[in-house]
Structures are given as C-alpha cells and as structure tokens.
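This briefing concerns the contact between two protein chains and the build of one of them. Please view the sequence and the model together with the points that follow.

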Amino acid sequence: METKLRAVLPDNELLRLHEQMLLSREFEESCAEQYTKGHITGFLHLYSGQEAVAVGATAGLHLDDYILSAYREHAQAIVRGAEPRRVMAELFGKATGVCKGKGGSMHLFDPSLNFMGGYAIVGGQFPVAVGLAFSAKYRGEDRIAACFFGDGAVNQGTFHESLNWARLWELPVLFICENNFYGIGTEVHRSSALSSIHRRTCGYDIPSEKVDGMDVIAVYKAVKYAAEKVRETGRPHFIEAVTYRFRGHSMADPAKYRSAAEHEMWKARDPIPAFAKRLLEEGIATQAQLDAILAKAQATVADAVRFAEESPWPDASAVWEDIYV
Amino acid sequence: MSEMTYRDALNLAMKEEMRRDPSVVVWGEDVALYEGSFKVTRGLLAEFGEQRVLDTPISENTIVGVAVGAAMGGLRPVAELMTVNFALLAMDQIINHMAKIRFMFGGQTFLPMVVRMPGGGGSQLGAQHSQSLESYFMHCPGLRIAYPTTPADAKGLLKSAIRDNNPVIFLEHELLYNSKGEVPEDPEYLVPFGKASVMREGTDVTIVAYARMSLLALQAADVLEKEGVSCEVIDLRTLNPLDTETFLASARRTGRAVVVEECWRTAGLGGDIAHRIHEACFDTLLAPVGRVAGLDVPMPYSREIEKLCIPRVETITQAVKGVMQWQPT
C-alpha cells in the first residue's frame, strides 16, 4: 500500500517537487535542442529520466548542507537554486554563466548555495566531499556533505578510499549513488563484480539502502532519513537510487547498446507523469494547476535561452584570471 | 637566530603556524603517532592533539583530495605525502582538482592548502623511491611550487606556503633534512614566493639551481674560483612563481649561464629556463646556456652507479668550464 502523499509533505511542497522535476526536464530537453543548433558545444550529459533523484534528494537536505556532483549535474544545481539563466549561459560559454563560462556543462559551482561543484573525473568528487565534511565537523557546524555519483564511479579507487576514510574519521557524508545501469555504454553487471551497489558498503561498515529512483517521494524519504542519521551519528550513510537515463551517455551517444524494449519499459516509469498522476488522484492538484506549472517551467527555460543568447562572450583577458589568488 | 637542521626548521614552521592559526591542520601517512617517516612532524600530535594532527590510511589520492575539500571548506590543511614518488598516485587530485578548481569554477573559491613531499635521489632507494618530479608539477598551471635549499628558507617558505591562498606543492629534499644552518627565531619570518636568492655573487657565469643542486653549485663555485672562474649562484627557491627577473639580469651581466636540475634532462625544467635565457639574453650571451641534469635512466640501486645518475660537483664544474671555453665552430 502506497503512502498517501499528504502524509509525507504539505501540498505546496509536493507541488514544488513536481515543479522542480518539470523544470529539470524542460531545461535538459531545451539543452538538447540548443546543442543541435550548435549553441551548446563540448560534452553535454543530460539528466532526463533521473529527475526524481535530484529533486527528492535535495528536498531531504538542509540548505546549508554541501552538495557535490559529477558531470551530469545541471539538475542538482538548478534544484538547489542556481538560476536557470546563469546555468544556460554557462553551457553557452558566456561571461554571465555561473562560472563565467570557464566551467561549462560539467563544472557548475555556486558556493552561495553550498553547491560545491560538478566534477568531470569519474570519482574525483568523493575525497572532496570527505574534505568538506571534515571542515564542517572540525568547526562543529551542523551540516553534512551530500555526494552524488553514478554507478560507474563505484569502481574507482577514490570510492573505496573515501568510504573507508569517511567511516574511519567519522565524517558526515551522505553518499548518493544514481544507478542508471550504464557507465557510458557498459552495463553495471559488466563492470561491477557485485552489481547490487548498496551492498558494497558493508566492507566499510557504512549503512546503506536501495531506493526506487523513479519515485520522488521514496527518494525524499530515504534521503531525509539518512541525512538525519548522518547528522545524529556524525557517520556516513549510503543510498543507491535505482533510476534510468532516457538519453544516451552524452549527446554524442545514440545508446545503441541497449534494447528498445528496455528503454520503453523505463519510459513507462517516467517519474514525472507518475507523480502528476498521484497528485491528481489524491486531489492535491487539478489538471489546470499542473498545466500552469508546465507553462511556467517552459517560460523559465525560454527566458534562460534568451538570456544566454544575448549574453556577451568572456573578454580575452579572462583566460589569465582566476588561476592564482 | 639559532642553528638548526632543515628538518627542524620545517617542523618549527608548522608549529608556529598551527599556534597562530587554528584553521591549520596536518595529515598524512604516519604523521601523528609515528611523527613522520622523516620525523618532520615530530611533536605536533603532542602539542596540537588528534583533532589537528591526523594519521591517514595509505590512500594518496584521497589524502590530497580531502585537503582540497577541507581547503574549500575554509581550513588550511598541510598534507604530507610520504615521498614525492607516491604523488603519482595522487596526480588526479593534484592536476585535475587542486590545480584547476579555482579556475574552472570562475574564481568563486580558492584552496589555501599545502602538499608537502620529500623527494630526490642519492640514498640507494632504487627506481621507485628516488625520483625528482619537480618538472611534472611545474608543467601544470594553477600550482605554486616551493623547493627550499637552506634551513632558513625551509622555515620561511613553508610559513609563506601555509599562509598562501593558492594551493602549494612543497618539495623537500631527503638529503637536506640533516643539513644545518642559522634560522631566524622570529615567528613572522617569511620568505616570499617568487624571489630567488643570490647565494654567491660572481662575474663570469651564472649558475641557476634549486634545492640540493644549489649546494652542489656552491661547492663547484669554490673549486672554480681557485681556477680563476667567478660564478654567481642563484637558488630559485620557488619554481612557481619563477623569478625570471633575477636569473635573466644575472645572465645578462655575466654573459654565460648553466642550469642545474636534479630531474631528468629530457623535457626537464632546465630546458625551459635555458630557453628563457636564450630568448631574453641572446644578444649578450657569450656561449649557449649549459645544462646539468639527472641522467635519463631509472635510478639504479647500486651506490657506484647511482651516483653517476645525479648531478655532482664535478659535472657542474665541467659544464661551467665547457661554457667558459665555448668557441663558435
């Protein structure tokens, strides 16, 4: 028996989860369009399909908790509060971007939101998250470091080093694995001896659980519980959110390594219509309200694209700036 | 001033900075209870406790990466890698993270952190424990690099490194740890980055060196003086920033230069420095810039052949003589 939504969160917050998932989806699909037009270049890894993870998890954290992510991190940044305009401008490489156009799609960063970066080396963010958690503990601050990563990252040395370290030093880190089954084109059972990823943490005495990453409420509840545990014990915790990316690894990947049937099966579990259906069924929103939310998300994204198009390129002098203090 | 070893000068620098600033923390393999493989962290655990002086697992990449995160979180970590050879395991965090984070995030953060690492050859430790990797770090923008020669500079440069808001690679030479010298007692004694030291003035040839190579260059200069050659010896102190002004001015004055580096010759930092001198001083140079470097071989264990691979006083004197006697063919 599914929990009633109202037993979990008040109506306005439930609607907000829906709004954030829609905004993420609209943003990513617009990025794909801008990429085909040549406005966005370089590597572009889209998040469509995985929205319930970023949205549910972020809702389960405090605003002063640190968030770190990998190279598929637009949604984590936007959901945390980064302005879609400035994120889109960053992807365009414009001076008005969140990192002045120096980071791009894979390196979004906004310390004012405690969004501590997208990192493009698989597994590179693990130790950085542990270090941020150390600094928080050292100063006696009530904040944790939430570290997002994909299933591919769990075979990096830093994964094992950092889990061991976080438990050994008793640091407040919440590891959130987004298992979308594919490290680029290699399916998880072809890269991991133990493909049930959450079970790997027993080697480090870190509690873990698996959650349905297509269900925003399930993710929210799991992360909220785990984050409270981390806060309470000062020790790390681990969540494996099982999800799926609707697009290839990046825009350069036609995803021919997976079957149409598999893709369709997951498409049928799209977290956004699934959640909308529950909102309607439980009388939390009307169709008109949901339509208005969609229209607002589309307008926000259209405005972001316009802003990015109209923004200036960085000055030539910018290449010599921000290297040294 | 008091006389102390290079090791104790480094130790004093850390103690003074930890007393001054509670955000300074120290970690690395065996740095706390064991007091460091080379005993550079002796007494730190006793004075500052286990919250600030921490033993880590043998996880070099994560030792550096945790320092990156802690620095972003507002601390001033001083991480020790047991030897520079193990820095190769940490190169992802050093090159991809430590050196890049400020830039790729548009200047919205900075990393006030130091990674200390002993290095160099000459102790019969074999190919995997006798490397000089300074050129590796120097090649990458975004890192500050210090490599002190004297105990006074060891103290003054490490204190500057800890106070610097840039990420610093701090190299220490294993064969210098026991060397002694006068060290200022003033806790505000700082040696600025980017200012080379003229260790000896001379008029005929400029020898540009760093760390242990500077001491060999001074010995070579003594030998050469008896033969009537006056050498100016410049100790770089920091490899980034590089004080080009001092060595270019000297080379312009003497008309001749020899660069001495402990790292491998091929693509070594000496090639870069020599090129800078050629480019800036071409019209006043009396001979092409000479180079003395480590041999392009993995370091052998046997004492008798190991010593052939690292620059010696004789190889420096020969190089200087070669430059002095150079004639266009």
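Across the interface of chain A and chain B, the rule finds 0 salt bridges, a salt bridge being a side-chain nitrogen of Lys or Arg within 4 Å of a carboxyl oxygen of Asp or Glu. The model is predicted, so local features need pLDDT of at least 70 and side-chain atom pairs pLDDT 80 or more, whereas totals for chains, interfaces and linings use all residues. Residues are numbered from 1 along each chain as its sequence is written, chains are lettered from A and ligands numbered from 1 in the order in which they are written, and side-chain values use heavy atoms, without hydrogens and water.

**Interface of chain A and chain B**

- Between chain A and chain B, 14 residue pairs are in polar contact, both residues at pLDDT 80 or more; a polar contact is a pair of N or O atoms within 3.5 Å, where within protein one must be able to donate a hydrogen and the other to accept it, and residues adjacent in sequence count only if both atoms are side-chain atoms.
- Chain A contributes 41 residues to the contact and chain B 45 residues, contact meaning heavy atoms within 4.5 Å.
- About 3,300 Å² is buried between the two chains, with 67% of this area from carbon and sulfur atoms; buried area is the accessible area (1.4 Å probe) that two parts lose on being put together, summed over both.
- On the side of chain A, A:Y138, A:W165 and A:Y324 lose the most area to chain B, together 21% of what that side buries.

**Fold of chain B**

- Chain B has 12 helices and 14 strands, which are DSSP runs (helices H or I, at least four residues; strands E, at least two) numbered from the N terminus.
- Of its 329 residues, 63% count as buried, meaning under 20% relative accessible area (1.4 Å probe, protein chains only).
- The C-alpha atoms of chain B fill a box of roughly 65 × 45 × 40 Å along the principal axes.
- Among contacts in chain B between residues at least 6 apart in sequence, 82% join residues at least 24 apart.

**Helix α9 of chain B**

- In α9 (residues 244-254) of chain B, the buried residues are B:T246, B:F247, B:L248, B:S250, B:A251 and B:T254.
- These buried residues pack against β9 (197-200), β10 (205-209), β11 (231-235), β13 (257-264) and α10 (269-281) of chain B.
- Just after α9(B), B:G255 adopts a positive phi of about 85°.

Note on methods. Buried means under 20% relative accessible area, exposed over 50%, partly exposed in between (1.4 Å probe, protein chains only).
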